[in-house]
Amino acid sequence: MHPTYHQQPIQVALLTVSDTRTKANDHAGQRIQTLLQEATFEVVDYQLTKDEPRDIARYVKQWSSDPSINTIIVTGGTGFTPRDQTYDTILPLFEKEMMGFGELFRTLSYDEIGPRAMFSRATAGSIQQTAIYVLPGSTNAVSLAMTKLIVPTVQHFVGELNRL
């Protein structure tokens, strides 16, 4: 029988990537925090950074080596504008990529926004025992990802990453 991890504690670091947002107007980051708290998951750290690969990578590397954090959620910078650097920065850091996350996210997004869903480069993966999610910066997109994909499965993801 496959193990389940319903009791797995989840400790999250949240990074919003944006050249314009502040903590006061980061509606996507605020929505993620609300949904995590409703699921009784702990937000250990919350930061904003500009769309700069060096800064994005620094946070992800620092958090993935911190034993008090087992999940990282990054929102913003996943599109196709010249400043969108999140996907390109984080993808090479993954030890394993969860292809199904992006595929399912785009499928669910298609039902809401139509063919523009294909422009999302949302993805997920892992570095050591840390689950990492890369989401678009819109509040609707993070609500969809959190409620349909992340909250229902993150305990299983982290449990699998820590299984011997």
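Predicted model: local features only at pLDDT ≥ 70, side-chain atom pairs only at ≥ 80, totals over all residues.
## Loop residues with positive phi

The phi angle of Thr-40 is near 60°, a positive value in a residue other than glycine. With a relative accessibility of 70%, Thr-40 counts as exposed, because the threshold for that class is over 50%.

A second case is Gln-128, which is not a glycine either and yet has a positive phi of about 50°. Gln-128 is placed in the loop between E5 and E6, and at 44% relative accessibility it counts as partly exposed.

Strand E5 covers residues 123-127 and includes Thr-123, a residue that is buried, with a relative accessible area of 4%.

When residues up to four places away in sequence are not counted, Thr-123 touches Tyr-87, Phe-94, Glu-97, Met-98, Phe-101, Ile-132, Tyr-133 and Val-134. Two of these neighbours, Phe-101 and Tyr-133, also belong to an aromatic cluster whose other member is Phe-157.

## Aromatic pairs and the cluster

A pair of aromatic rings is described by the distance of the centres and the angle of the planes. The count for this model comes to four aromatic pairs. In one of them, the rings of Tyr-133 and Phe-157 have centres 5.9 Å apart and planes at 85°, so the pair is edge-to-face, given that an angle over 60 degrees is what this class requires. The pair connects distant parts of the chain, with Tyr-133 in strand E6 (residues 130-135) and Phe-157 in helix H5 (residues 139-161), 24 residues apart.

Both partners are shielded from solvent by the accessibility criterion: Tyr-133 counts as buried at 1% relative accessibility, and Phe-157 is buried with a relative accessible area of 12%. Together with Phe-101, Tyr-133 and Phe-157 form one aromatic cluster.

## Arginine charges over rings

Two arginines are placed over aromatic rings. Arg-58 lies over the face of Tyr-59, at a distance of 4.9 Å from the ring centre, whereas the charged end of Arg-121 sits over the ring of Phe-80, 5.2 Å from the centre of that ring.

## The largest pocket

The largest pocket holds about 390 Å³ of space. It is lined by 24 residues, of which Thr-78, Pro-136, Gly-137, Ser-138 and Ala-141 are the closest to its centre. Helix H4 (99-113) and H5 are the elements that give two or more residues to this lining, and the largest share, four residues, comes from H4.

Thr-153 is partly exposed, with a relative accessible area of 38%, and its C-alpha atom is separated by 14 Å from that of Asn-70, a residue 83 positions apart from it along the chain.

Arg-54 is located in helix H2 (residues 53-64) and counts as exposed at 63% relative accessibility. Between Arg-54 and Thr-89, which are 35 residues apart in sequence, the C-alpha to C-alpha distance in space is 8.2 Å.

Key:
Residues numbered from 1 in each chain as written. Heavy atoms only, no water. Buried < 20%, exposed > 50% of the residue type's maximum accessible area, 1.4 Å probe, protein only. Contact = heavy atoms within 4.5 Å. Phe/Tyr/Trp six-rings, centres within 6.5 Å; stacked < 30°, edge-to-face > 60°. Lys NZ or Arg CZ within 6 Å of the ring centre and 35° of its normal. 1 Å grid on protein atoms, 1.4 Å probe; cavity = no way out; pocket = protein on both sides within 12 Å on 5 of 7 lines; lining within 4 Å. Points joined across faces, edges and corners; volume = space filled by probe spheres on them.
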